[in-house]
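Work through the exercises below with the structure at hand. Each task is followed by a solution in steps.

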Amino acid sequence: MVLIVVVDRDGYKDNYDGDVGLIDAIYYATVTLTTTGYGDITPVTPSARLVNAFIVTPLRIGFLVVLVGTTLEVLANEGRRVMRDTRWRKRMKDHTIVIGYGTKGRSAVQTLISNGVKRDSIVVIDPRAQAIGDAGNDQMAAFHGDATNRNVLRRAEVMSAREVIVTTDRDDAAVLVTLAVRQLNPTAHIVVAVREEDNVPLLRQSGADAVVTSSEAVGRLLGLSAVSPNLGEVMEDLLTYGEGLEVAERPVLGREVGKPPSAVPDRVVSVVRDGKVHRYYDSNVSVLAAGDKLIVVRPAKETPWAERPGADEEDE
């Protein structure tokens with residue numbers, strides 16, 4: 001519009017000095033598009049008035065449409081977000097919060113879903129808009145913001161969460177997030193991924209229940225693959241969901257009580273008794289007891305979290 005006025009400046013009159021220059025054209029375009037219109041610069045020739053009627057006026061209307069439309073969209077989106085958050089808070093309890101929806105976070109979510117956790121009980125927090133969009137596309141509740149901010153954690157109802165998985169990009173952020181989560185929820189089970197082994201004690205002091213060192217785990221897998229390609233292949237198989245072998249936890253069945261771990265149909269790796277993990281060869285778990293849980297390796301075709309087929313035929 002400034003260009004139109006400059007080109008046809010002889011068709012406009014400035015009531016101040018009579019001449020319309022570049023600065024006057026910028027001023028006229030600004031006040032006209034914003035519908036202010038002081039009238040100090042006016043079109044006086046028929047051609048300038050026609051240009052104003054058929055070009056400038058549609059531009060003014062378009063500007064108003066964009067301005068009002070954008071404002072309404074922002075207000076509508078904010079209103080929908082508030083209503084959605086309100087409905088979500090009413091029904092959400094004992095949910096899982098995943099902080100960081102990058103490669104590690106997505107893999108953790110996929111593992112949770114594959115092991116029976118419902119999508120509507122998983123909440124994602126991430127400071128990146130793209131990650132929030134991806135979580136929404138994956139049919140999960142998502143909150144945009146920095147998880148070191150307690151207000152963001154409160155929006156995600158961290159106080160009533162059962163489990164929190166922290167997969168931030170930086171170890172210092174992971175420490176701050178863990179401290180904030182533990183302060184707001186003293187009973188939640190917190191699992192944290194870190195890059196450096198030196199930060200593991202700090203995270204445990206901050207309140208993490210389990211800490212996974214990503215760089216060390218990858219390095220160990222690389223070393224095993226170099227020493228023995230077959231061993232590396234088996235380890236990769238155990239880490240890959242839906243193919244080959246799976247690692248799972250299940251309760252001891254009634255017919256298995258009183259038997260040694262070797263007598264169980266599954267390949268028992270460890271036995272969990274009174275919250276403590278024992279290796280299968282530990283003499284303390286040489287005989288299975290009621291209430292024990294088994295860490296087993298089984299074929300991927302069997303649902304990892306479920307009891308073995310035929311479990312309903314337990315001995316009375």
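**Exercise 1.** Find how the side chains of Glu256 and Arg250 meet, and decide whether each residue is buried or exposed.

Solution. In this predicted model, the two side chains form a salt bridge, with N and O 2.9 Å apart. Buried means under 20% relative accessible area. Glu256 has 4% and is therefore buried. Arg250 has 1%, so Arg250 is buried too. Salt bridges with shared partners join Arg250, Glu256, Asp266 and Arg298 into one network.

**Exercise 2.** Determine which parts of the chain the salt bridge between Arg106 and Asp134 ties together.

Solution. The N to O distance in this salt bridge is 2.5 Å. Arg106 belongs to helix 4 (residues 103-114) and Asp134 to helix 5 (residues 129-137), so the pair ties together parts 28 residues apart in sequence. Arg106 is partly exposed at 37% relative accessibility, whereas Asp134 is buried at 16%.

**Exercise 3.** Locate the salt bridge partners Lys293 and Glu249 in the chain.

Solution. Their closest N and O atoms are 3.7 Å apart. Lys293 is in strand 12 (residues 293-299) and Glu249 in strand 9 (residues 245-251), 44 residues away. Lys293 is partly exposed at 40% relative accessibility, and Glu249 is partly exposed at 42%.

**Exercise 4.** Describe the surroundings of Ile125.

Solution. Ile125 sits in strand 4 (residues 122-126). Its relative accessible area is 1%, so Ile125 is buried. Beyond four places away in sequence, Ile125 touches residues including Ile97, Phe143, Gly145 and Leu153. Gly145 is 20 residues from Ile125 in sequence, with 6.7 Å between their C-alpha atoms.

How values were computed: Residues are numbered from 1 along each chain as its sequence is written. This is a predicted model: local features need pLDDT of at least 70, side-chain atom pairs count only at pLDDT 80 or more; totals for chains, interfaces and linings use all residues. Side-chain values use heavy atoms; hydrogens and water are left out. Helices (H or I, at least four residues) and strands (E, at least two) are DSSP runs, numbered from the N terminus. Buried means under 20% relative accessible area, exposed over 50%, partly exposed in between (1.4 Å probe, protein chains only). Contact means heavy atoms within 4.5 Å. A salt bridge is a side-chain nitrogen of Lys or Arg within 4 Å of a carboxyl oxygen of Asp or Glu.
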